[in-house]
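Reader: Please take a close look at one part of this model, the aromatic rings and the charged side chains beside them. I would like one connected account.

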Amino acid sequence: MKKFLLETAKIVGTATDRVWSQVHTFSPAEKEKLAKRGQFLAVISLSELTEGEVVTAGREIISRLHEEYYGHLAEKAIIQLKKTLEQILGEVAEGAKVEIEAAVLMGETIYFAVAGRGKILVQREGKIAKVLSGEGEKVEVASGRVESKDMFFLGSQKLFSLLAEGTIKTALSTNSANEAAESLMPMIHGREEDGTAAAAILKLEEVVKETEAVEEQKPK
(Lines give C-alpha, C1' and ligand atoms only; values in the text may rest on other atoms or scores of the structure.)
Protein backbone atom coordinates (compact mmCIF):
# COMPACT_ATOMS: atom_id res chain seq x y z
CA MET A 1 0.00 0.00 0.00
CA LYS A 2 1.27 3.46 -0.87
CA LYS A 3 1.85 5.98 1.90
CA PHE A 4 1.51 9.72 1.59
CA LEU A 5 2.88 12.72 3.45
CA LEU A 6 0.47 15.59 4.01
CA GLU A 7 1.32 19.25 3.63
CA THR A 8 -1.49 21.19 5.29
CA ALA A 9 -2.18 24.92 5.25
CA LYS A 10 -5.00 26.84 6.92
CA ILE A 11 -7.03 29.95 6.14
CA VAL A 12 -9.13 31.24 9.06
CA GLY A 13 -11.15 34.45 9.31
CA THR A 14 -11.15 36.78 12.30
CA ALA A 15 -13.32 35.49 15.16
CA THR A 16 -15.76 37.74 17.03
CA ASP A 17 -18.05 37.27 20.03
CA ARG A 18 -20.64 35.65 17.76
CA VAL A 19 -18.75 33.94 14.92
CA TRP A 20 -15.79 31.55 14.99
CA SER A 21 -13.95 29.23 12.65
CA GLN A 22 -11.11 26.78 13.00
CA VAL A 23 -9.18 24.16 11.05
CA HIS A 24 -8.51 21.06 13.13
CA THR A 25 -6.14 18.23 12.20
CA PHE A 26 -5.53 14.99 14.06
CA SER A 27 -3.56 11.79 13.56
CA PRO A 28 -4.03 9.14 16.28
CA ALA A 29 -1.02 7.55 17.94
CA GLU A 30 -2.82 4.23 18.42
CA LYS A 31 -2.14 1.87 15.50
CA GLU A 32 -5.66 0.43 15.48
CA LYS A 33 -7.31 3.84 15.32
CA LEU A 34 -4.91 4.99 12.61
CA ALA A 35 -5.59 1.86 10.56
CA LYS A 36 -9.38 2.00 10.94
CA ARG A 37 -9.97 5.74 11.07
CA GLY A 38 -6.96 7.36 9.37
CA GLN A 39 -5.79 10.97 9.60
CA PHE A 40 -8.59 13.46 10.22
CA LEU A 41 -9.07 17.08 9.18
CA ALA A 42 -12.06 19.36 9.67
CA VAL A 43 -12.90 22.95 8.75
CA ILE A 44 -15.42 24.18 11.32
CA SER A 45 -17.46 27.40 11.18
CA LEU A 46 -19.92 28.61 13.84
CA SER A 47 -22.29 31.55 13.79
CA GLU A 48 -25.53 32.90 15.22
CA LEU A 49 -24.66 32.01 18.81
CA THR A 50 -25.20 34.03 21.95
CA GLU A 51 -22.41 36.51 22.58
CA GLY A 52 -19.46 34.90 24.34
CA GLU A 53 -20.56 31.29 23.78
CA VAL A 54 -19.02 30.71 20.38
CA VAL A 55 -15.48 29.70 21.41
CA THR A 56 -16.78 27.28 24.05
CA ALA A 57 -19.17 25.77 21.51
CA GLY A 58 -16.35 25.42 18.98
CA ARG A 59 -14.13 23.57 21.43
CA GLU A 60 -17.01 21.29 22.35
CA ILE A 61 -17.55 20.43 18.68
CA ILE A 62 -13.88 19.49 18.27
CA SER A 63 -14.11 17.28 21.36
CA ARG A 64 -17.29 15.60 20.10
CA LEU A 65 -15.74 14.99 16.67
CA HIS A 66 -12.99 12.99 18.37
CA GLU A 67 -15.39 11.09 20.62
CA GLU A 68 -17.79 10.10 17.86
CA TYR A 69 -15.38 9.40 15.01
CA TYR A 70 -12.52 7.70 16.85
CA GLY A 71 -14.65 6.26 19.66
CA HIS A 72 -16.58 3.84 17.44
CA LEU A 73 -14.42 1.53 15.33
CA ALA A 74 -16.94 -1.09 14.19
CA GLU A 75 -18.41 0.85 11.24
CA LYS A 76 -16.63 1.60 7.99
CA ALA A 77 -14.81 4.93 8.14
CA ILE A 78 -17.04 6.78 5.67
CA ILE A 79 -20.20 5.61 7.44
CA GLN A 80 -18.89 6.70 10.83
CA LEU A 81 -17.73 10.02 9.38
CA LYS A 82 -21.24 10.76 8.14
CA LYS A 83 -22.79 9.64 11.44
CA THR A 84 -20.38 11.86 13.36
CA LEU A 85 -21.31 15.00 11.45
CA GLU A 86 -25.00 14.17 11.72
CA GLN A 87 -24.57 13.77 15.48
CA ILE A 88 -22.83 17.15 15.75
CA LEU A 89 -25.59 18.88 13.79
CA GLY A 90 -28.18 17.40 16.13
CA GLU A 91 -26.39 18.66 19.22
CA VAL A 92 -25.87 22.29 18.21
CA ALA A 93 -27.85 24.84 20.22
CA GLU A 94 -31.17 25.88 18.75
CA GLY A 95 -30.78 28.79 16.35
CA ALA A 96 -27.02 28.33 16.01
CA LYS A 97 -25.43 27.52 12.66
CA VAL A 98 -22.54 25.11 12.18
CA GLU A 99 -20.72 24.13 9.01
CA ILE A 100 -18.14 21.36 8.74
CA GLU A 101 -16.01 20.25 5.80
CA ALA A 102 -14.09 17.10 6.72
CA ALA A 103 -11.50 14.82 5.13
CA VAL A 104 -10.01 11.51 6.24
CA LEU A 105 -6.92 10.00 4.62
CA MET A 106 -6.55 6.22 4.93
CA GLY A 107 -3.72 4.80 2.85
CA GLU A 108 -4.56 5.43 -0.80
CA THR A 109 -8.18 6.39 -0.09
CA ILE A 110 -9.60 9.72 1.01
CA TYR A 111 -13.09 10.28 2.41
CA PHE A 112 -14.95 13.58 2.47
CA ALA A 113 -18.03 14.91 4.24
CA VAL A 114 -19.77 18.28 4.19
CA ALA A 115 -22.37 19.52 6.67
CA GLY A 116 -23.70 22.86 5.47
CA ARG A 117 -23.03 24.55 2.14
CA GLY A 118 -19.26 24.40 1.91
CA LYS A 119 -17.36 22.87 -1.00
CA ILE A 120 -14.40 20.59 -1.58
CA LEU A 121 -12.22 20.92 -4.69
CA VAL A 122 -9.37 18.81 -6.02
CA GLN A 123 -6.48 19.79 -8.27
CA ARG A 124 -4.88 16.93 -10.17
CA GLU A 125 -2.41 17.35 -13.04
CA GLY A 126 -3.25 21.05 -13.31
CA LYS A 127 -7.01 20.56 -13.56
CA ILE A 128 -9.51 21.49 -10.85
CA ALA A 129 -12.75 19.62 -10.22
CA LYS A 130 -15.47 19.81 -7.59
CA VAL A 131 -15.46 16.76 -5.32
CA LEU A 132 -18.37 17.65 -3.07
CA SER A 133 -20.80 20.50 -2.54
CA GLY A 134 -22.99 20.79 0.55
CA GLU A 135 -26.73 21.13 0.14
CA GLY A 136 -27.69 22.41 3.58
CA GLU A 137 -28.55 20.43 6.71
CA LYS A 138 -28.09 17.03 5.05
CA VAL A 139 -24.57 15.57 5.36
CA GLU A 140 -23.03 14.78 1.97
CA VAL A 141 -20.17 12.29 1.60
CA ALA A 142 -17.78 11.17 -1.13
CA SER A 143 -14.61 9.11 -1.49
CA GLY A 144 -11.84 8.46 -4.00
CA ARG A 145 -8.32 7.23 -4.62
CA VAL A 146 -5.48 9.68 -4.17
CA GLU A 147 -2.41 10.26 -6.29
CA SER A 148 0.89 11.91 -5.47
CA LYS A 149 0.79 15.71 -5.80
CA ASP A 150 -3.00 15.87 -5.46
CA MET A 151 -4.18 19.10 -3.81
CA PHE A 152 -7.52 19.37 -2.02
CA PHE A 153 -9.28 22.58 -1.02
CA LEU A 154 -11.94 22.40 1.71
CA GLY A 155 -13.76 25.70 2.16
CA SER A 156 -16.75 27.10 4.02
CA GLN A 157 -19.72 28.72 2.32
CA LYS A 158 -18.57 32.17 3.46
CA LEU A 159 -15.11 31.68 2.02
CA PHE A 160 -16.51 30.74 -1.39
CA SER A 161 -18.74 33.82 -1.27
CA LEU A 162 -15.61 35.98 -0.85
CA LEU A 163 -13.32 34.22 -3.32
CA ALA A 164 -14.08 33.29 -6.92
CA GLU A 165 -13.15 29.74 -7.89
CA GLY A 166 -10.85 31.20 -10.54
CA THR A 167 -8.90 32.96 -7.80
CA ILE A 168 -8.62 29.70 -5.87
CA LYS A 169 -7.47 27.87 -9.01
CA THR A 170 -4.72 30.43 -9.54
CA ALA A 171 -3.56 30.00 -5.93
CA LEU A 172 -3.50 26.21 -6.21
CA SER A 173 -1.41 26.40 -9.38
CA THR A 174 1.59 27.20 -7.15
CA ASN A 175 1.50 23.46 -6.25
CA SER A 176 2.26 24.38 -2.64
CA ALA A 177 -0.37 24.33 0.09
CA ASN A 178 1.44 26.99 2.12
CA GLU A 179 2.03 29.31 -0.83
CA ALA A 180 -1.60 28.96 -1.91
CA ALA A 181 -2.83 29.85 1.59
CA GLU A 182 -0.47 32.82 1.84
CA SER A 183 -1.76 34.22 -1.44
CA LEU A 184 -5.42 33.88 -0.42
CA MET A 185 -5.31 35.03 3.22
CA PRO A 186 -4.96 38.76 2.45
CA MET A 187 -8.15 38.53 0.38
CA ILE A 188 -10.05 37.19 3.41
CA HIS A 189 -8.66 39.13 6.36
CA GLY A 190 -10.13 42.56 6.78
CA ARG A 191 -13.28 41.75 4.84
CA GLU A 192 -16.53 42.53 6.60
CA GLU A 193 -17.89 39.58 8.59
CA ASP A 194 -15.12 37.21 7.59
CA GLY A 195 -15.29 35.21 10.84
CA THR A 196 -16.83 32.12 9.24
CA ALA A 197 -14.54 32.21 6.19
CA ALA A 198 -12.22 29.23 6.61
CA ALA A 199 -10.43 26.67 4.46
CA ALA A 200 -7.84 23.94 4.55
CA ILE A 201 -5.48 23.11 1.71
CA LEU A 202 -3.96 19.63 1.55
CA LYS A 203 -1.16 18.46 -0.69
CA LEU A 204 -0.20 14.79 -0.90
CA GLU A 205 3.29 13.51 -1.65
CA GLU A 206 3.92 9.80 -2.00
CA VAL A 207 6.51 8.41 0.39
CA VAL A 208 9.14 6.55 -1.64
CA LYS A 209 10.74 3.65 0.22
CA GLU A 210 14.49 3.90 0.59
CA THR A 211 15.04 0.59 -1.24
CA GLU A 212 12.96 1.83 -4.19
CA ALA A 213 14.94 5.08 -4.30
CA VAL A 214 18.22 3.10 -4.40
CA GLU A 215 16.93 0.92 -7.22
CA GLU A 216 15.98 4.01 -9.25
CA GLN A 217 19.50 5.42 -8.87
CA LYS A 218 21.29 2.24 -10.07
CA PRO A 219 22.92 2.67 -13.48
CA LYS A 220 21.30 0.74 -16.28
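Author: Lysine 119 lies over the face of phenylalanine 160, 5.2 Å from the ring centre. A charge counts as sitting over a ring if NZ of Lys or CZ of Arg is within 6 Å of the ring centre and within 35 degrees of the ring normal. The model is predicted: local features need pLDDT of at least 70, side-chain atom pairs count only at pLDDT 80 or more, and totals for chains, interfaces and linings use all residues. Residues are numbered from 1 along each chain as its sequence is written, and side-chain values use heavy atoms, with hydrogens and water left out.

Arginine 37 also has its charged end over a ring, that of tyrosine 69, at 5.3 Å from the centre. Arginine 37 belongs to helix 1 (residues 31-37); helices (H or I, at least four residues) and strands (E, at least two) are DSSP runs, numbered from the N terminus. Arginine 37 is buried but has no salt bridge, and glutamate 75, the nearest side chain of opposite charge, is 6.9 Å away. Buried means under 20% relative accessible area, exposed over 50%, and partly exposed in between (1.4 Å probe, protein chains only). A salt bridge needs a side-chain nitrogen of Lys or Arg within 4 Å of a carboxyl oxygen of Asp or Glu; Lys and Arg count as positive and Asp and Glu as negative, while His and the chain ends are not counted. The side chain of arginine 37 does reach the backbone oxygen of histidine 72, at 2.5 Å.

Rings of Phe, Tyr and Trp (its six-membered ring) pair if their centres lie within 6.5 Å; planes under 30 degrees apart are stacked, over 60 edge-to-face and the rest tilted. Because phenylalanine 40 is in strand 3 (residues 39-47) and tyrosine 69 in helix 2 (residues 54-70), the pair ties together parts 29 residues apart in sequence. Both phenylalanine 40 and tyrosine 69 are buried. Phenylalanine 160, the ring under lysine 119, forms an edge-to-face pair with phenylalanine 153, at 5.8 Å centre to centre and 80 degrees between the planes. Phenylalanine 153 is buried at a relative accessible area of 0%, and phenylalanine 160 is buried at 12%. Ring pairs also link Phe26, Phe40, Tyr69 and Tyr70 into a cluster.

Key: Polar contact = N/O pair within 3.5 Å; in protein donor to acceptor, adjacent residues only side chain to side chain.
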